[in-house]
Amino acid sequence: LSQMYEAAWAKDPDNEASPPCLFFALLRQEDFARAQQVATKLFSKHKKQKLLHWVVVAMLLQSRASGDPKVLGLASMMLTKAPINFEGLGQGEQVQFNRSRISLLLLHLDTLRMQGKVPEALELLEKCKEVIKLPTDVVEMKTRLLVQAGKHTEAVAEAKARTLKSPSDWGVAKDYIRLAFECPVPEAALRRKAPTPSGEVDIVDHAARLRLAGGALPSIPTLDDVEKNATEDEVFNAKLVFRHLLAQADTDGDSKASPAGVGRVARLARLELRRLAFCAAEAALAQAAGAAAVAGGEGLAWTAAVGGEDVAAYVADVKEFLLRFSSKPHCFFDLKPFVSLLSGADAESVLEALKGASHGDARKAAEASKTEARLQRALRKGAGGSMEEVKRLLSTPTVPAEGDDGAGDPALPPEEFLLLAVVELVDADRAAGAMGGREHLMDALALAELGVSRYPQAFHFNVLLVLINSALGLPSAMLKWYYTLEIKNIQFESLSYLAFDALCLAGCHEQIREVGRSIHGFHEDMDKDGEEAVSMAFNSCLQRAPEYLESLQLVSRSLLWGRAVVEESFCEIGQAPTWEALLEGLSRQSTLVAALKARGDDYWLQRNQDRCLLNGLNPLPLCTPLGTDAYSSQAWRRNGGPLPTASLQAARTDAACSACAIWPQPLGEAPSAASSRQEPSAVEQMLVRGREYSPAQLTLSGAMLSLLSAVVRPEGANAEQVAEALTSARGAAQRAGVRTEVAAATDVASWGRASALRLALLACEAAGETLRCIAGQECWERVEERLAAIAGEVPAVVARILNKDRADGAPSATAFAFGCRAGTEMLWTLLHSCLTVVLPVALWLCTSLPKVGGKKGKEGSEALHASRVSLRNVLAAVQTALADLQPELVSAQKAAAPSDVGSGLIAEAFPNGGAVAAHRAEVAKAAAEAHRRHLEKLQEAVACRAALIKSRGTFKP
């Protein structure tokens, strides 16, 4: 795109439209040096102040990307031509809001900050603070600058003042506590001996910093008492501040009047102070004794770095918060990062304390019971799936909310209990195994549909219906519920994986292409709208330019978009009934595929996919104090990897003010992942099913598509492009864990995508070796080896798909039965990920392998003849496999899924709910029909492959 604009500008130098477009295109390509040159030329020609700002912003972006300090000096010099207007400042008069003035001030501040000239930046901020209308913005920017300058004590003073002005703001309080812990530890801090496997180590007793040496903490009724009892330890001083706020809130009754009041924040601050003290203690222990000394699991070694009384006080604080706020919806989510540290008896004692609590008011008791149910799930032990727990949850009566007349279905439990019952049933299905009628999953399906009807605003039910239908192998039913989510705009990037992962595993050409087109459409719209957003930023709010550019860059690196391109290409090839249609399908996507192949694995990002959307329904991980940071978005920003299914806390924003000036904060070392309390729940496993599709697999698939395009061209194969694509494919296969050895034995019992890609890669290698043999650079034995490996493995895979494990070798009746997803998924993997590549290569070889002259046994032609025989065996094996699959798919379509399984639970949980039982039966009937339609689509896919083979006629070796 930049080349096009550059050519247009060169052709018409007076055209004023092309240069800005070129500038923005270069910024999108992250070619900031050339963008600076373009902006400089524009400024030299037009002498507009706006263009000077463009030059400076391009320089700042260049410095951020390269770390070159020389560019910052040039930016500072250029800004001398755009001084800030100080007129009217410092005179006590009202200063009118001026967006351009604010943008210019932020540009000056950012330049000084990046140069490390913090005193000058602080002086400028103080002089121009009247320009910035929100006082909190001034405090935040001043605090950031003080931290950068290493003046932590002054930064803490600013944060403390801000906390006292906004005592009910939990985000402000967290920043104050964090800054207090970043201050140097006083030399007088107590120390303790911590036991390790190799002996005791001497470390700072960070938990003791929250205690008053020699006695109990005094009451702090006034701010004067805070100052009077202050010490040189800012952590202890922060404890005093929040102790004062807590006393004030309890005296005024604030904590009872407002669920988000001062009392809540002060109690959370008390917990956060202890948690960060534990983090500091864990870090000190790891540094003194080695990181191996701090391990996850029951009996976490980090407790050796703190006293037992400190852990007991922490547990007591958790209980106190829980008992006070358990009737508030925010209680569970507030406590997540704190209860994730509790193991064994501590976790059980917290649950027992909540069970024994008395709330008096019926509505408060009902809300508290929801918090208890969530905590029970969050702190559970084992794999879950207790039917007794399901019955308990379903039997919980609904207490009408204040002002609610009780309309709706009174037989259903409250929303939270119904959601927890559904996910517990999904766990029960996993425990029972994936064979049979899947009664627990069918019960979950029926209850989730009832939840959608009763609680239409609770989107969790819709998400669960998407996941459950995916687990049952019902793509059409899954898509129906996926579309009820009504995702829009950026949600296409973060949530499309819900449908796309399931379709790529279960199969259906039209539906994969349909969802793929919606993903393409979003990215095309994002590309067009993104250019407008960048243009707007450079014309009205310069400080947002880095933010917009980063967002566009992250979206353009979406692994989901790359997968959509590849999967749509595979579908076009797979649906081709003739050789001509196959050639047309390959040519249609060749440009995009070539662009994918040119990008390395590091280019692609999975972090855009939101896999935490059922966060409140999943068990919490058991963490070390430092491990909790691994479950925040700040950790995911470090490596661009996939998001986990659990989130414990929000991350700090990089925005330094309400005008969204992005001042990146140091991330520090990546925290180690915490150990899990138990295996992930069944719903979590559903959410991450597509996460195994790695960037390396995308590169491998793109390379194989490029090879196909280079091989089956009407004008003849391009040997150079084939060799290049083959080299790329082999490297990607190794990175993706796909075995590349020809003779590698494959366990068909665990045959999956990696095995399918291996056969596809062998076919590509056979094509490459054939071209080398024709050119006299290789021997035919290598071609024969690869074709023989494919011919031998395909029948074994089909036998596994059909469950031919009986003595007579006949297919099992459960091969494609309702609920037995393994057979349909393995079949789709064979058709889509394997034969989509193998068949075009095999059919191309039919006309490209030289014929053996004279008699078959002619000397020197044995290997070539063996290659042609192996090619015939490949075609015969595939034809036989497709012929075996067709009648089994037809037979499975006629077999009806049972409609009465699981009715026992419904009858027991809803003894008077005849409508519920009737709905359960309707759900089973609809699921059976969706299963039949899916088998019909798979039958059509098998027929397409069979038609393609027949279209090329008979091959004779």
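This is a predicted model: local features need pLDDT of at least 70, side-chain atom pairs count only at pLDDT 80 or more; totals for chains, interfaces and linings use all residues.

Biologist: At what angle do helix α9 and helix α10 pack, and how far apart are their axes?

Modeller: To read a helix pair, one takes the angle between the two N-to-C directions together with the distance between the axes. Helix α9, residues 152-165, and helix α10, residues 170-182, pack at about 160°, and their axes are 9 Å apart. Since angles over 145 degrees count as roughly antiparallel, α9 is therefore roughly antiparallel to α10. The crossing in which α9 passes α10 is left-handed.

Biologist: Which residues make that contact?

Modeller: On the α9 side the contact is made by His152, Ala155, Val156, Ala159, Lys160, Arg162 and Thr163, and on the α10 side by Val172, Ala173, Tyr176, Leu179, Ala180 and Glu182. Sorted by class, this contact of α9 with α10 has eight nonpolar, two polar and three charged residues.

Biologist: How do helix α38 and helix α40 cross?

Modeller: The axes of helix α38, residues 862-894, and helix α40, residues 914-951, come within 9 Å and cross at roughly 160°. That angle makes α38 roughly antiparallel to α40, and the crossing of α38 and α40 is left-handed. Among the residues that meet are Leu882, Leu889 and Val890 in α38, and Leu935, Leu938 and Val942 in α40. The contact of α38 with α40 divides into eleven nonpolar, four polar and three charged residues.

Biologist: Let us turn to the cavities. How many cavities of 30 Å³ or more does the count give?

Modeller: A cavity is a space where a probe fits but cannot get out, and the count comes to seven cavities of 30 Å³ or more. The largest cavity has a volume of about 140 Å³.

Biologist: What lines the largest cavity?

Modeller: Its lining has 14 residues, and those nearest the centre of the largest cavity are Leu107, Asp110, Leu542, Gln543 and Pro546. Both α4 (49-66) and α6 (99-115) supply at least two residues each to this lining. By class, the lining of the largest cavity has ten nonpolar, two polar and two charged residues.

Biologist: Which element gives the largest share of the lining of the second largest cavity?

Modeller: The second largest cavity holds about 80 Å³ of space. It is lined by 13 residues, with Leu467, Leu498, Asp501, Met686 and Arg689 nearest its centre. Two or more lining residues come from each of α22 (459-471), α25 (497-506) and α32 (682-687), and the largest share, five residues, comes from α25. The lining of the second largest cavity has, by class, eight nonpolar, two polar and three charged residues.

Note on methods:
Residues are numbered from 1 along each chain as its sequence is written. Side-chain values use heavy atoms; hydrogens and water are left out. Axes are lines fitted to C-alpha atoms, for helices over the stretch in contact, and angles run from 0 to 180 degrees between N-to-C directions. Helices (H or I, at least four residues) and strands (E, at least two) are DSSP runs, numbered from the N terminus. Angles under 35 degrees count as roughly parallel, over 145 as roughly antiparallel, 65 to 115 as roughly perpendicular and the rest as oblique. A crossing is left-handed if the near helix is turned anticlockwise from the far one by less than a right angle, and right-handed if clockwise. Contact means heavy atoms within 4.5 Å. Ala, Val, Leu, Ile, Met, Phe, Trp, Tyr, Cys and Pro count as nonpolar, Asp, Glu, Lys and Arg as charged, and the others, Gly among them, as polar. On a 1 Å grid over the protein atoms alone, a cavity is a set of points where a 1.4 Å probe fits but cannot get out, and a pocket is an open set with protein on both sides within 12 Å along at least five of seven lines; lining residues have an atom within 4 Å of a point. Grid points are joined across faces, edges and corners, and a volume is the space filled by probe spheres set on the points.
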